[in-house]
Amino acid sequence: MLNYELNRAEGILIIKPGGSLESSDFEKLGEEVDPYIREKGKLNGLMIDVKSFPGWANLAAFLSHMIFIKNHHKIIKKIAAVTDSSFLEVIPQIADHFVKAEIKHFDYDDKDAALNWLKAG
C-alpha cells in the first residue's frame, strides 16, 4: 500500500509506503501525479517517507515500480529519502548512476530538514 500527498503549491510529492507495494499503487499514483506534471512540466521534489522499506508484494509490483521510475525520473528535480532503512540509505549512491534527479538521504526524524531541502532553489 502506498499513501501519498501532492502539495500542488510547492510541486512536492510525499509518498509513505504503508505495507508491501502493489502494482495498483503505481497506477493510482500516476493518475494523481501525471495530470499535475502535464500542467506544470515537472515535480520540484519527491519525499519518500518510510521508517523501513516494506518491499513489493510480488514481481509485478516491482516491475510496475521500475516502470514508474523510468517514466518519471527525468521530471523530478530532487528526491529526499527519509528513512532509517539501510536498504533505502544506499539508494542515493546507486540511483545517481541512472536517475536524473538529485537524491539525498535524511534520517527518519529529519523530515523537516528534508522538506526544507526539497523547497530550496
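**Note on the aromatic contacts and the sheet**

1. Phe53, Trp56 and Phe62 come together as one aromatic cluster in this predicted model.

2. Over the whole structure, a search finds four aromatic pairs. One of them joins Phe26 and Phe68, whose ring centres are 6.1 Å apart and whose planes meet at 45°, so that this pair is classed as tilted. Because Phe26 belongs to helix H1 (residues 23–40) and Phe68 to helix H2 (residues 59–72), the pair ties together parts that lie 42 residues apart in sequence. Phe26 is buried at 7% relative accessibility, and Phe68 is likewise buried, at 14%.

3. The sheet is open and has five strands in the order S1-S2-S3-S4-S5, with mixed pairing. Its edges are formed by strand S1 (2–7) and strand S5 (102–106), each of which pairs on one side only, and the twist from one strand to the next averages 15°.

4. Strand S3 (residues 43–49) runs parallel to strand S4 (residues 76–82), the two pairing over six bridges; Leu43, for example, has Ile76 in S4 as its bridge partner. Helix H5 (residues 111–119) packs on the sheet, where it touches strand S2 (12–17), S3, S4 and S5, and its direction makes about 175° with that of S4.

5. Two lysines deserve a mention: Lys78 lies over the face of Trp117, at 4.7 Å from the ring centre, while Lys111 has its charged end over the ring of Tyr108, 3.8 Å from the centre of that ring.

Conventions
Residues numbered from 1 in each chain as written. Predicted model: local features only at pLDDT ≥ 70, side-chain atom pairs only at ≥ 80, totals over all residues. Heavy atoms only, no water. Pairing = 2+ DSSP bridges. Helix = DSSP H or I, 4+ residues; strand = E, 2+ residues; numbered from the N terminus. Axes fitted to C-alpha atoms, helices over the stretch in contact; angles between N-to-C directions. Contact = heavy atoms within 4.5 Å. Phe/Tyr/Trp six-rings, centres within 6.5 Å; stacked < 30°, edge-to-face > 60°. Buried < 20%, exposed > 50% of the residue type's maximum accessible area, 1.4 Å probe, protein only. Lys NZ or Arg CZ within 6 Å of the ring centre and 35° of its normal.
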